[in-house]
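Subject: Structure handover

Hello,

The structure is below, followed by notes on what was found in it. Please look it over when you have time.

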Amino acid sequence: MNYLIITLRIIHILAGIIWVGGTLIMTFFIAPTIRATAEAGQKFIGHLMNNLKFSNWIAAAAGLSILAGLALFWIDSNGFTSAWMDSGAGIGFRRGAELATIGFVFGLLIGRTTKAMAKLGAQFQGPPSPEQMAQMQKLGRQQKIYSMIASLTLILAVIYMSIARYLVL
Ligand code: HEM
């Protein structure tokens, strides 16, 4: 048994599930709920980001999955040198990794925007002023765009990862 590959695969896939799952749940369930629930939503997001450190956990899972994925790619490609790199599988895993990297960058932007929303929400004393409201709406729109891009690229990355081994190009 190859214990190194098994360990890397468990880390890669488990952390990948947490990363992609967390991003999709944030995009399609949590963020719309925050936007729809005004002041209550601000409290919720403050707890999620400041106390539970949601985006830090997702970023850590993403980092782990990427590192383990790169190690697996290094092993499969014999240090990025073998003909496997240009096979269907090699190209498929590479496309998946590229898409996942784009998803990772946009995920970082989601985290930054959501933290900014939590910080702004914490400044509200009673109902927000029109300026605070406008700023919050601007952040909300940014968060929506980043989330859609991250979700789409991560879904495509997972599709590539799932089929890469069987691709004949
Ligand atoms: C930069 C990011 C990524 C890199 C470099 C990468 C790289 C790789 C590599 C090289 C393999 C083949 C492993 C082997 O030979 O055993 C693999 C498999 C796999 N990856 Fe990724 N990956 C990335 C992102 C992701 C993400 C976001 C997911 C989502 C959960 C994911 C899910 C999987 C799965 C399920 C497999 C197993 C596929 C199979 O056995 O046919 N990967 N990945």
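The largest share of the shell around the ligand comes from H1, with eight residues. This is a predicted model, in which local features need pLDDT of at least 70, side-chain atom pairs count only at pLDDT 80 or more, and totals for chains, interfaces and linings use all residues. Residues are numbered from 1 along each chain as its sequence is written.

Ligand shell. The ligand is surrounded by 25 residues, the closest being Gly16, Gly69, Ala97, Ala100 and Met161; a residue is near the ligand if its C-beta atom, placed from the backbone, lies within 6 Å of it. At least two shell residues come from each of H1 (3-36), H3, H4 (88-122) and H5 (130-163). Helices are DSSP runs (H or I, at least four residues), numbered from the N terminus.

Ile58 lies in H3 (residues 54-76). Ile58 counts as buried because 23 other C-beta atoms lie within 10 Å, the cut-off being 20 or more, with C-beta atoms placed from the backbone. Leaving out residues up to four places away in sequence, Ile58 touches Trp19, Gly22, Thr23 and Gly107, where contact means C-beta atoms, placed from the backbone, within 7 Å. With that same exclusion, Trp19 touches Ile58, Ala61, Ala62 and Ser65.

Regards

Definitions and conventions: Buried ≥ 20, exposed ≤ 12 C-beta atoms within 10 Å, placed from the backbone. Contact = placed C-beta atoms within 7 Å.
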